Amino acid sequence: MRSIDSWLDRFAYKHPRFGIPHLMTYIIIANSAIFLLDLFSNGLSVSSLLGFQPMAILQGEVWRLVTFILVPETQKPIWFVVSMFFYYFLGNLMEREWGAAKFTLFYLCGALLTLIAGFIGGFFMGTMGYAIAAPTITMYQVNLSLFLAFATLYPEAPLRFYFVIPIKAKWLAVLYVGLMAWDIISIPGYMMALMLPMILPGDIAALANYAIFFWSEIRTFCARTFRRAKHQNSRQTVNFKQATKEAKQQKGYLHKCAVCGKTDTDYPDEEFRYCSKCNGYYCYCSEHIHNHIHIE
């Protein structure tokens, strides 16, 4: 059975015109325009007219289903400029890696999952008497999955944490997910019912979008990790380690060259190999593994 990410790859391959070239560039231009309108609108917030509001959407303001991804996630000029440059870098790099069709599909899928999560969060908040409030659904949730995708494809890429600390993309992604989990765990008990519907659905949507497009990698990683853990904890491995430890304690070494007598205790940096052509279990150092008379 073909995994869902394989189906998406095939769809993107068969429908190359589905994609929107330079999609992230258009999104950043729209974000910048709305940010400037908010900044110079004398108190009139354009973002409030375009952002995600479940009640407003249900009352007919359907444009919010699309325009919410164009609303800036911050109103601080410095952070806005930095985030736009970062998203431009990520978006264009991922589009070159995947192609316009798959990148567009990835972004649209993330936006759709974020919308669904937003409505679910809004529903739960409404049932608790917070019908006027709305979950914080912005461009941030969509771009979180984009960053995780980048960190998976380019795990060794160097990034600057807070513009100072150099850190690889894979560790920054782990740190980011860890901080996200900590933010949820650290919510006081009496605020849990209010805060979780506001922040949890969007984060779950971002992780779900990432999982959909990287399902094969996730499944392979989990299977490899399970096999490694099973092997390390198996009776055969435990017995081998114990036997190796006892042999080294009794003889003072584990490997000894059958020609020159070198041992791994006297030469810890030496590499020792066992010859498959010799009739028996004979060990040789790197100098003699290819230069010895085979024992019949």
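**Exercise 1. The second largest pocket**

Which helices each supply at least two residues of the lining of the second largest pocket? Identify them and describe the lining by class.

Solution. The model is a predicted one: local features need pLDDT of at least 70, side-chain atom pairs count only at pLDDT 80 or more, and totals for chains, interfaces and linings use all residues. Residues are numbered from 1 along each chain as its sequence is written, and side-chain values use heavy atoms, with hydrogens and water left out.

Step 1: A pocket is an open set of points on a 1 Å grid over the protein atoms alone, where a 1.4 Å probe fits, with protein on both sides within 12 Å along at least five of seven lines; lining residues have an atom within 4 Å of a point. Helices (H or I, at least four residues) and strands (E, at least two) are DSSP runs, numbered from the N terminus.

Step 2: list the lining. Ala151, Thr152, Pro155, Lys170, Tyr210, Glu217, Ile218 and Phe221 line the pocket.

Step 3: assign the helices. Helix 8 (139–153) and helix 11 (215–232) each contribute at least two lining residues. The largest share, three residues, is that of helix 11.

Step 4: sort by class. Ala, Val, Leu, Ile, Met, Phe, Trp, Tyr, Cys and Pro count as nonpolar, Asp, Glu, Lys and Arg as charged, and the others, Gly among them, as polar. The lining then has five nonpolar, one polar and two charged residues.

Step 5: give the volume. The second largest pocket holds about 300 Å³ of space, where volume is the space filled by probe spheres set on the points, and grid points are joined across faces, edges and corners.

**Exercise 2. Aromatic pairs**

How many aromatic pairs are there? Work through the pair of Phe52 and Phe119, then that of Phe89 and Phe150.

Solution. Step 1: apply the rule. Rings of Phe, Tyr and Trp (its six-membered ring) pair if their centres lie within 6.5 Å; planes under 30 degrees apart are stacked, over 60 edge-to-face and the rest tilted. The count comes to 15 aromatic pairs.

Step 1: take Phe52 and Phe119. Their centres are 5.4 Å apart with 80° between the planes, an edge-to-face pair. The pair links distant parts of the chain, 67 residues apart: Phe52 is in the loop between helix 3 (46–50) and helix 4 (54–58), and Phe119 is in helix 7 (residues 100–127). Buried means under 20% relative accessible area, exposed over 50%, and partly exposed in between (1.4 Å probe, protein chains only). Phe52, at 5%, is buried, whereas Phe119, at 28%, is partly exposed.

Step 2: take Phe89 and Phe150. This pair is also edge-to-face, with 5.8 Å centre to centre and 70° between the planes. Phe89 in helix 6 (residues 77–98) and Phe150 in helix 8 are 61 residues apart, and the pair links distant parts of the chain. Phe89 is partly exposed at 39%; Phe150 is buried at 1%.

Step 3: look for a cluster. Trp98, Phe106, Tyr210, Phe213 and Phe214 form one.

**Exercise 3. A backbone angle**

Where does His22 lie, and what is its phi?

Solution. Step 1: recall the background. Most residues other than glycine have a negative phi.

Step 1: read the angle. His22 is not a glycine, yet has a positive phi of about 60°.

Step 2: His22 is in the loop between helix 1 (4–14) and helix 2 (23–39), and is partly exposed at 45% relative accessible area.
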